[in-house]
Protein chains: 2
Amino acid sequence: MSDEEGPAGFVSYGIDDKPPIVTSVFLGIQHYLTMVGANVAVPLILAGALGMPESVIPRFVGTFFVVSGIATLAQTTFGNRYPIVQGAPFSMLAPALAVVGVVQASNPSGAAWEAALLQLQGAIVVAAVVEVAVGYFGLLGRLRSYISPVIIAPTIALIGLALFNTPQVTAASGNWWLLGLTLGLIVLFSQYLGGRSRAFKLFPVLLGVVVAWVVAAVLSVTGVYAPGTSGYVDLASVAAAPALMPIYPLQWGTPRIETAYVIGMIAGVAASMLESFGDYHAVARLSGVGAPSERRINHGIGMEGLMNVFAGLMGTGGSTSYSENIGAIGLTGVASRYVVQIGAAVMLVVGFVGYFGQLIATIPDPIVGGLYIAMFGQIVAVGLSNLEYVDMNSSRNVFIVGIALFTGLAIPAYMGNVGSAAAFREGMRGVAVLGPVIGARAVADTIYVIGSTGMAVGGLVAFVLDNTIEGTREERGLVEWEQATEDEGAFASAFDRFLRD
Amino acid sequence: MSDEEGPAGFVSYGIDDKPPIVTSVFLGIQHYLTMVGANVAVPLILAGALGMPESVIPRFVGTFFVVSGIATLAQTTFGNRYPIVQGAPFSMLAPALAVVGVVQASNPSGAAWEAALLQLQGAIVVAAVVEVAVGYFGLLGRLRSYISPVIIAPTIALIGLALFNTPQVTAASGNWWLLGLTLGLIVLFSQYLGGRSRAFKLFPVLLGVVVAWVVAAVLSVTGVYAPGTSGYVDLASVAAAPALMPIYPLQWGTPRIETAYVIGMIAGVAASMLESFGDYHAVARLSGVGAPSERRINHGIGMEGLMNVFAGLMGTGGSTSYSENIGAIGLTGVASRYVVQIGAAVMLVVGFVGYFGQLIATIPDPIVGGLYIAMFGQIVAVGLSNLEYVDMNSSRNVFIVGIALFTGLAIPAYMGNVGSAAAFREGMRGVAVLGPVIGARAVADTIYVIGSTGMAVGGLVAFVLDNTIEGTREERGLVEWEQATEDEGAFASAFDRFLRD
């Protein structure tokens, strides 16, 4: 792929480049910061649902960071080798919450939170084995030849768009002043000053978050922000945090396996695989390399499965590719894998050392919200930039792109209005004729979880329409698109690189 | 503008074309059907809030159709002359509900609903006079030279995207089976069969809605759909409807004017003007003509203001350009102004004849929802097709487009979470230093109403960023864009055409 194709003009450090070590450390921390919000939010939501004792929570959050660090190192070294951070997926949170709810309602013996967590771990491990199979047997990669930019554009755009209503951004109780400051600083550094100074161009996120955090900390210490409000920085909690935390596999006991829970979790894993498929295309485009080959996709998904098994054994909410740091690549032009690996090392350290973890946890929600707007907006537009391959004067293409984007927002909103997997199942069971089939737990739960994932809905709608409505390969952008896809030989698996002579 | 630019390839009948009369009548009815949902929803929401007696409601709904018919005839004949239907705006609904709430809380003498409606009418008339001034003094048109496709693309896309959560589409109680049938039929007719038969290509919406309605009516008569459920067609209500209804200006009495109410309504009108600005660009693009000139925009807004004054005198919720039928133009390729004028005549008849109005009102919400998905999806994609002028390998453009789309969804979601203009005002009043300014009623209400309108937020964000972040005119797409804009001489106002010899 030549430099004129794709937004390769963004890239200041390519995937294989290694910036100087000091620069790399700060760039690594910056990548890490982009995913902190999600990777703290998922464990806190789960801990709340589990009714986990306060004293256990720091270790639980630390476990998520340790898993993220190891999964990111594994993916960048032995997996698809893209500069992409791994973390706990939101798509697996819905089935996880369902599992927790059912287990707790059954009045288990011993601590309810431990019983639920062990069931959750078992469900994740088994669902993850399915993911390993999908990856290494090449089931997802085989779809690649049916995928045109008509499908890719709305699918990637929805990864970002679907997140518009995250609480850090839109909670009525949010401190919009602090959110605006953070976003304003990131925009100032990356867009207005980025051309004047290289430091601003490379570190807009790090600088924006740190400056906003200092402001919030000062306002908290001086009493302007009261404890409990959304802008408050609780510095005292850092001193009170444990120093080193013991984090190891099977730390809460032996996972338990129950078929009904596994099925729900497989739906969550399926949604996370579809999202990863989109993430790979987004990161490739922003890094200025061709779209991923079948082999690269398969090895990426396979490794995500292995790390999901690992996450299950450690006791977190799973593992998948994160889109947050993809946005940072777009903003800074730093696509270096080396930098992401350094970021992963930071995650490991932060995971084990309680002080660091708690310091990170003091970043107030509105700062995370400001960061999210810049990151997710970037992903939306990168997805849409794939339209350059598509003939938008063709009425079929316009129809497909539009309906994919619209349903990608509308169907999850409908699922949200229905409220829960159980309520949805109840509704499906009442449907005439089809009721017994679509009301079955496995079917209804899968529809509910996939239907709650915007990019999965939009991607599937576009996939079906684009492959059935008449259209030439040229019109669909497939001709140009194939030229912009890397050759199968471009990806060397870990086996090729380390074990074959 | 040549045929290669813009999706002119769609157009089977251009703006000035007149299809055969029978075809035109059915095409006109089809345009009319696209806007029925919104034009019935707004009066019903208002009537509910007003506590209007059941017996008055048919006449109230009829008044909305009469105003729509006259406003559409006026706009297509004496205004901007685009094939665009006029109807009651959602953006004016928020301030209208605020007015109603305050008046009713004040325990007015006489019927509370009449007192509130007269205040509402007064507020609309005065706010509309401001709109007339903005239009004919050319204030909005003057912005045109600062508007690039970097701004237009997300702005138009948001007109459609922002509507993803309309109750007809996402209500949990919705009959998704009927919604799916309607949408499926429209897709079948327009995309799969449209190439085989001209009837399917021209009438996908009309055929889809009529077939789905017949199915729903049969299921209702045979008792499969129970009264009160969302798919129920209440045929008995048609027979019970009044035959001819008296509808005339000042039919509920003399409007009253109160400054506080006027200010809120001006915010609603401002949002509706911004939306119309986007609508004009969308309809021009789909009709295969150049982007609107300054003069055309000014005459369009001016006429919307005049029709808003008229709407206030008649006692409806205002008048603005509707985006629904723009989607139908994309789907069918029929951009004929003549057809829209026939549709307007249909609206007039339906407004005065109770039987017809009630027949239309029997179309169940899920059918309207299916129609909406096809219409609004079309607008989203047409907006994005403007990206063909934009260099999406430029990091500034990617940033601006992405953040405009994301905030265009996120800020209205935030306003939704805050809940009401009053709650928002309360929050603004508490802000340090700025509180007294941004907490003032006029300022806070304006921010709230504009902030609740997705395309206004996205458009303003893109406008500010695109005009302040460094970028060449070529990069921003302004060079190609100006070639695709019609000359100022292309638009002849009614004065030019009828009065100047």
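**Close-up 1. A:Glu388 and A:Arg285 pair up through their side chains in a salt bridge, 2.6 Å from N to O.** Here a salt bridge is a side-chain nitrogen of Lys or Arg within 4 Å of a carboxyl oxygen of Asp or Glu. A:Glu388 sits in the loop between α16 and α17 of chain A and A:Arg285 in helix α11 (residues 259-286) of chain A, so the pair ties together parts that are 103 residues apart in sequence. Helices are DSSP runs of H or I with at least four residues and strands are runs of E with at least two, numbered from the N terminus. Over all chains, the structure holds 20 salt bridges. This is a predicted model, where local features need pLDDT of at least 70, side-chain atom pairs count only at pLDDT 80 or more, and totals for chains, interfaces and linings use all residues. Residues are numbered from 1 along each chain as its sequence is written, chains are lettered from A and ligands numbered from 1 in the order in which they are written, and side-chain values use heavy atoms, with hydrogens and water left out.

**Close-up 2. Chain A meets chain B with 59 residues of chain A in contact with 59 residues of chain B.** Contact means heavy atoms within 4.5 Å. About 4,900 Å² is buried between the two chains, and carbon and sulfur atoms give 74% of that; buried area is the accessible area (1.4 Å probe) that two parts lose on being put together, summed over both. Between chain A and chain B the salt bridge count is 0. On the chain A side, the elements giving two or more residues include α5 (149-161), α7 (176-192) and α17 (395-418). Of these, α17(A) gives the most, with 16 residues. By class, that side of chain A has 37 nonpolar, 17 polar and 5 charged residues. Ala, Val, Leu, Ile, Met, Phe, Trp, Tyr, Cys and Pro count as nonpolar, Asp, Glu, Lys and Arg as charged, and the others, Gly among them, as polar.

**Close-up 3. In chain B, helix α5 (residues 149-161) packs on helix α16 (residues 365-384) at about 170°, axes 7 Å apart.** Axes are lines fitted to C-alpha atoms over the stretch in contact, with angles from 0 to 180 degrees between N-to-C directions. α5(B) and α16(B) are therefore roughly antiparallel, the label for angles over 145 degrees. Among the residues making the contact are B:Ile156 of α5(B) and B:Phe376 of α16(B). The contact has 9 nonpolar, 2 polar and no charged residues.

Note on methods
Angles under 35 degrees count as roughly parallel, over 145 as roughly antiparallel, 65 to 115 as roughly perpendicular and the rest as oblique.
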